[in-house]
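Visitor: I would like to go through this model with someone. Please start with the term needed for reading it.

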Amino acid sequence: MSFIKHIGMVVLALLIALPLSAQTTLSGMVRDESGKALGNVMVRAYNQHKKLKRYMQTNRQGEFRLATTAHDSISSITLSRLSYGTKTILRKDFGKLKNITLHDEAINIKEVVVRSVPIRQSGDTLTYDVNAFKKEKDRSIEDVLKRMPGISVDNTGGIYYQGERISKFYIENMDMLSGNYILATKNIRPDDVAAVNVYENHQPIRALKNVDFSDKAALNLKIKNNRKLKPIGYLQQGLGYDDQTLWKSDVFAMQINKKTQQLLSLKANDTGLTYNTSQSFGLDQVSDFSSFTWDGISLSAQDIPSISLSRYVDNKSGEGAFNSLFKLKDKRTLTLNLRYAGDDLHYQNQKNSSIFVDDNQYQDFSEKVQAAVYSNSLMGKIKLENNTEKVYFLDDFTFNSKFYHKHFGLEDNFDGAQKQKSANYQLTNQFSSIYHIGKKVFQLQSNIKFSNTPVNRLQAIPTDKSWEMWQSLNETAFQTDEHTSFGWQLGRLVQMGVKVNFESYYNKIRLSRLRSEEKLANTFQGYMLNTSVEPYFQMAWNRLTWEVRVPLSLLNIHFENVGEDKNFRHDDTYANVNTTLAWKVTKGLKFRLRGGSRCNFGDISNFVTSPIFYTYKDATTKGTGSLTNRNSLFASGHLNFHNTMDGVFASLMGLITRSQTNSMSQTSVSDGDVYTKVSKKKNTMLDKSLTLNASKNFRSTDTSISLMASLGNYHTNILSKDNVLKLVNDRYLVNTRLEQAFWSDKLNLSLEYSYYQMQNRVKDLGTTMREHQGSFGLSFFLVEDLELFGDVSMNWLKDADHQEHESDANAGIRYKKKSIELELLAQNLTNQRVYVVNKQIKESNYRYIYQLRPIGCTFSVKYNF
């Protein structure tokens, strides 16, 4: 028994010793080149067939102990770690495992192209990545905005989102520019901007968020972090020649940080760029000195065509603007704005007028003009704002002044000169205070405005001095607006409230004139009071928002004609109803329906019964001695769609308005003078319009395309020798733009085409005007920093009696190296010296023939910082 026990113990010992004798431990130490122990080194053991059998990582001391068996047949060990070279040790060298050194090695990563998402959406905020839309040829952030789907920029620099003008413009979510945002969009480089934010349904007052619903959009520029550390901008100087020496000087600087924002812009040139003249001087445009109480009279002889001023004016222009914003506390800011602009313009043209005087009858006039227009403006603003979720405070003081001096040399219909000189000063102060306490909201607003036009003279002197005309039209106006409101929330969904408004207007107009043997001196003065109570109801449920407002108003008017010893009094009450329904159908699809009634009353101009001349021969009588009023019913719809992933944006807007008014105007011709007079006659107007805006960015082919189409129909009545005639106006507009990049942005092409048609019909007589406009642009980089660019534009104009064709071409070369840009630009390469434009204003037709600038060339040097 003892023997068997001993045999068993021997067998057991042999069975235990067998695997132990077959197991081998491979151990070692791993260090870097300096002798420092390396942890987290991956140790892998492979057999003769390169199959992984064992693995582990070194500890913090660089040690490893890898247990293997004979069955593993380990033939090699590899050691690897990130940023170190991989080392392989064969079986014959296993004795060297005690001291292994890994050497540093750079990591070669295969090139990867990372493409960011071009448009992201979070709630009502859309974020456009500027890098996804900018091109090497872009000069300013405005060029990039034009390429972003859903955003458009008009010829004056105005920005639109989904067909509607933006309500606010921010830089880093602060409003430094107070609406004058072209200072930023036309000067900030794309390389300085990281992203563009669009805030849909933007309510700029935080205390009114979720209280006063807004359907307006705002735009914000997000500056790159590394560009906030120092000023950014440029210096530019240019010299050139057309038929005279040309020059251009620009300075732009901006600094943005968390506490302050500063922007300085200084510009001057004689190359045709104007800073104070953006509107025409014609009767159908805003007057030189219009105030808030009436639209004034624009004293001028000519209109300005729809082409760029730089095409035909000889100028000396300058602008200086300084803007500053200080963040006093978290939500409290102080903003300062100061701007001066001046233009000295000279141009030549001919105006052919065809005035409708009777059934199928027109009176024709022709005038040749040598024009000199001098204008200056000065604006200053200081604004203190506190914008928190509970309390809002605003005090905004603005000073604005404008000065005009115009001289027109006239031939043909009148041989002589016409001169005008005018000056206007305006002071405004806007105060607003809002408290949001719990479920209640209190608002108080007070606006005070003062306007004075001490000088507004018109003088006409014939060459033979057979007669002379002199007219002075001065104005003093004062306005106050007081608004208070109280609102409360009834649960989560409903809000009700009432607004009380009181507005007062005072105006005094002094008119004196000497024309041939006629003498006139008169004064019109008086006041208008408007008191209104406006209850409102708002409901927000899920994705649906509904609002109803019912303003009830009391109007009191007292004006007097001092010269004729007449008094005009008018007291009236009126009520309106307005409702808005907004529905977020799905993400990216919104629908808005708006409708109601409006009652609009006239102003002091209704009581100015003396004719006022705005040229040597054209006069208008603004009033009939009684208050005009217009009652309107309207309905509008707005469908808004966007898909940010596919870069598709589209909007459809429709509007129909039916209005009734108690006045009509008619034009008559007598002894070469053209008179427009307002008469007491009822008139009904019907206006219908439909507008489509669509844009898409094809990222795969680097293509941007946009489309705008609109059609409108307008019915009204006109007077001709006291006979009522029906006028029908139809208008159509289509505009499309395509931009395509090739060869990794080395070649960029742009195409734009627009078609416009307008037709007027009076009884059996109809006039139709058609206009085609097309443009082609090209930018090609021969090498990385050398760009060739050019553009060609063409215009075809056709009506019943005329057919005109106009073209323009520009080309240049730009070299950019680091911060320096050199540019050589040739303009008006077709050397076309005449431009023709036709206009239809109501029932009359006007034809303008402008003398254009000659071919010219400019060389400029620009330093970016």
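Guide: A contact means heavy atoms within 4.5 Å. Keep in mind that the model is predicted.

Visitor: Which residues does lysine 816 touch, not counting residues up to four places away in sequence?
Guide: Lysine 816 is found in strand S45, which covers residues 803–817. Leaving out residues up to four places away in sequence, the residues touched by lysine 816 are Glu136, Asp785 and Glu821.

Visitor: What is the length of the polar contact between the side chains of lysine 816 and glutamate 136?
Guide: A polar contact is a pair of N or O atoms within 3.5 Å. The side chains of lysine 816 and glutamate 136 are joined by such a contact, and its length is 3.1 Å.

Visitor: How many strands does the chain have?
Guide: The chain has helices as well as strands. The helices number four, and the strands number 49.

Visitor: What radius of gyration does the chain have?
Guide: For a compact globule of 865 residues, the value would be near 29 Å. The C-alpha trace of the chain spans about 155 × 70 × 50 Å along its principal axes. The radius of gyration of the chain is 38 Å.

Visitor: What share of the residues in the chain is buried?
Guide: A residue counts as buried under 20% relative accessible area. Of the 865 residues in the chain, the buried share is 47%.

Visitor: How far apart do the centres of the positive and negative side chains lie?
Guide: The chain has 109 positive side chains and 88 negative ones. The distance between the centres of the two sets is 12 Å.

Notes
Residues numbered from 1 in each chain as written. Predicted model: local features only at pLDDT ≥ 70, side-chain atom pairs only at ≥ 80, totals over all residues. Heavy atoms only, no water. Helix = DSSP H or I, 4+ residues; strand = E, 2+ residues; numbered from the N terminus. Rg over C-alpha atoms; globule rule 2.2 N^0.38 Å. Buried < 20%, exposed > 50% of the residue type's maximum accessible area, 1.4 Å probe, protein only. Lys, Arg positive; Asp, Glu negative; His and termini not counted. Charge placed at Lys NZ, Arg CZ, Asp CG, Glu CD. Polar contact = N/O pair within 3.5 Å; in protein donor to acceptor, adjacent residues only side chain to side chain.
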